[in-house]
Amino acid sequence: MKVKVDQARCQGHTLCAMNAPEIFELDDVDGHASAVSEDVPAGHESHVINAVRSCPEQAIFVEDRS
Amino acid sequence: MSVEDAIGDEERKKNRYHFDRHAPDYRDRAEEITRELHAQCPVAWTDTHGGHWVASGNREVFEIARSAEYISNDHDVKGERRGYQGISIPAPQRGRGNRGGFLEMDPPEQRHYRQALNPYLSPAAINRWIPWIDEVVRACLDEKIEEGRIDFVEDLANVVPAVFTLAMMGIPIKDWRTYSEPAHAVMYTPLTSPDIMRVGQLHMAMQQELIRRLAEIRENPRPGLVNGLINAEINGENPPDEELRGVLGLLIGGGFDTTTALTAHAIEWLSENPAERDRLSRERDTLLDSATEEFLRFYAPVVGNGRTISADCELAGTQFKEGDRLWVSWAMANRDPAAFDNPDQIDLAREGNRHNSFGLGIHRCIGSNVARTVFKRMLLQVFDRMPDYVCDPEGTVHYETISVINGMRFLPATFTPGPRLGPGLAETLETLQQVCDEQRLAEPVTVQKARAKVAD
């Protein structure tokens with residue numbers, strides 16, 4: 001699974017990092033999110049899906065190649 | 001308007017619903033009104049308050065609120081642009097001539113203000129303060145712990161957000177009452193109340209005090225949001241005092257009564273649902289985040305905001321005309337069954353909780369990390385020190401209307417008394433002021449990264 005945060009849409013609600021703290025990091029200065037790595041480590045898929053479903057701006061996109 | 005336009009207007013506004021957001025009826029029948037709007041017209045026209053649109057559907061609110069190219073927050077108090085009236089419907093009497101800070105601005109100005117303040121308010125910035133916030137909460141509870149009685153609004157939820165907001169601003173925290181009462185009263189006093197003029201004057205006096213503090217910090221800089229604003233670059237220049245007045249008012253308005261309202265509602269609900277309270281306390285490590293978001297969704301403190309349509313457009317299936325006024329209801333969008341299963345029930349473990357309580361788009365509440373942190377720190381200590389508290393419905397007073405904030409005036413409760421753990425509030429605030437000054441906690445996270453150290 002691959003994950004990406006659209007920086008133009010993210011407004012720093014921080015729900016992704018709440019749902020999947022290992023996958024998303026928040027900028028110290030404005031709290032906007034980005035994926036630590038584009039590739040989601042095995043076992044974290046369901047957390048990423050929860051993050052996608054929780055994002056108020058619908059700014060997170062995943063691609064599942066499995 | 002030509003006859004053709006008038007007919008076109010009639011057609012555009014064919015989905016009509018009588019909605020008065022200032023009426024007690026909206027407070028009393030909020031869920032019913034929300035269901036009717038969702039079922040009949042998720043974007044409706046109402047003739048109240050000069051006529052305006054009401055967006056209540058989750059999908060519609062999502063599309064409209066994020067369309068920055070077609071909606072404006074501008075409050076053009078001097079009539080220099082297009083005369084837009086900002087985020088209040090109708091524009092408030094007391095606010096006439098005052099712009100509500102960057103919440104009543106559009107980009108790029110609005111963005112410049114936020115860029116100046118973000119490093120004080122980001123998750124990393126707020127996390128530094130947690131031991132300091134815990135100490136304020138501890139002192140509030142110590143004031144009441146031996147008595148076995150507390151008013152959760154007056155004695156806790158009014159105090160902590162106020163003290164912390166002032167600390168971040170760089171204003172002496174011992175003065176919290178000077179700001180807290182007016183900030184609370186302008187929210188709980190209905191526009192039609194005979195008391196509204198007095199409350200307006202109280203609020204004006206608070207504004208005067210803010211102006212004095214602004215001048216003082218300009219003269220003798222001390223770290224905090226006020227200093228950050230004085231030195232902000234807005235379109236390449238430092239902002240004038242008249243704009244800063246509005247921004248300071250916005251920080252007080254946003255920082256004080258909102259978290260108070262959220263906390264009071266959550267504490268009340270948890271008293272009515274003691275098994276859920278015990279579960280949340282027990283499973284706090286896994287449940288506190290989702291429960292916080294669920295209380296935010298269910299009891300959205302800021303129920304909605306006004307906007308002005310800035311260009312003719314079609315959004316969410318509705319034809320809007322430039323200049324139309326629009327009410328975007330965060331609270332109603334949070335109860336849309338199309339977006340949330342069992343929307344009128346609280347589920348502390350709710351997943352996919354894409355609520356709108358901090359707004360959407362470029363105006364996302366800049367204090368959202370403050371609100372969440374302060375809320376959680378208050379709740380945890382209440383669980384630890386007053387685990388069997390019972391609220392008294394007889395003494396509980398909700399706001400008469402939910403014009404802006406869905407809040408509470410009083411929430412008295414009783415609990416099994418316990419021992420004090422430290423000094424009372426006044427002494428604690430003196431100590432915490434020193435801690436704040438010596439450790440320069442109110443600096444932005446770009447300057448000061450260390451977590452607050454508070455002696456046990």
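**Strands, cores and a contact**

A: Happy to! This is a predicted model. In it, strand β1 (residues 43-46) of chain B pairs with β2(B) in the antiparallel sense, over four bridges.

Q: Nice. Which residue stands opposite H52(B) there?
A: That's T46(B), facing H52(B) in β2(B).

Q: And how many residues sit between β1(B) and β2(B) in the hairpin?
A: Five residues lie between them, and H49(B) in the turn has a positive phi of about 50 degrees.

Q: What other strand does β2(B) pair with, and in which sense, parallel or antiparallel?
A: β2(B) also pairs with strand β8 (residues 325-329) of chain B, in the parallel sense over three bridges. There, W327(B) in β8(B) is the bridge partner of V54(B).

Q: Are the faces of β2(B) covered or open, then?
A: Both are covered: H52(B) and V54(B) are buried on one side, W53(B) and A55(B) on the other.

Q: Let's switch to the open sheet in chain B. What's the strand order?
A: It runs β4-β12-β9, three strands with antiparallel pairing. β4 (149-151) and β9 (390-391) of chain B are at the edges with a single partner strand each, so each has one side without a neighbour in the sheet.

Q: What is the bridge partner of D151(B) in β12(B)?
A: P412(B). The pairing of β4(B) with strand β12 (residues 412-414) of chain B takes in three bridges.

Q: OK, cores. How many residues are in the largest nonpolar one?
A: It has 123 residues, and A55(B), C140(B) and F152(B) are among those with the most contacts inside it. Helix α9 (residues 159-169) of chain B gives the most to this core, nine residues. A second, separate core has 18 residues, including V5(A) and I23(A).

Q: What does C140(B) touch, leaving aside its neighbours within four places in sequence?
A: D155(B), L156(B), V159(B), V160(B) and L425(B).

Q: Is helix α14(B) enclosed or out in the open?
A: Largely enclosed by the rest of the structure, because 13 of its 16 residues are buried.

Notes:
Residues are numbered from 1 along each chain as its sequence is written. Chains are lettered from A and ligands numbered from 1 in the order in which they are written. This is a predicted model: local features need pLDDT of at least 70, side-chain atom pairs count only at pLDDT 80 or more; totals for chains, interfaces and linings use all residues. A residue is buried if 20 or more other C-beta atoms lie within 10 Å of its own, exposed if 12 or fewer, and partly exposed in between; C-beta atoms are placed from the backbone. Helices (H or I, at least four residues) and strands (E, at least two) are DSSP runs, numbered from the N terminus. A nonpolar core is a set of buried Ala, Val, Leu, Ile, Met, Phe, Trp, Tyr and Cys residues joined through C-beta atoms within 7 Å. Two residues are in contact if their C-beta atoms, placed from the backbone, lie within 7 Å. Two strands pair if DSSP finds at least two bridges between them.
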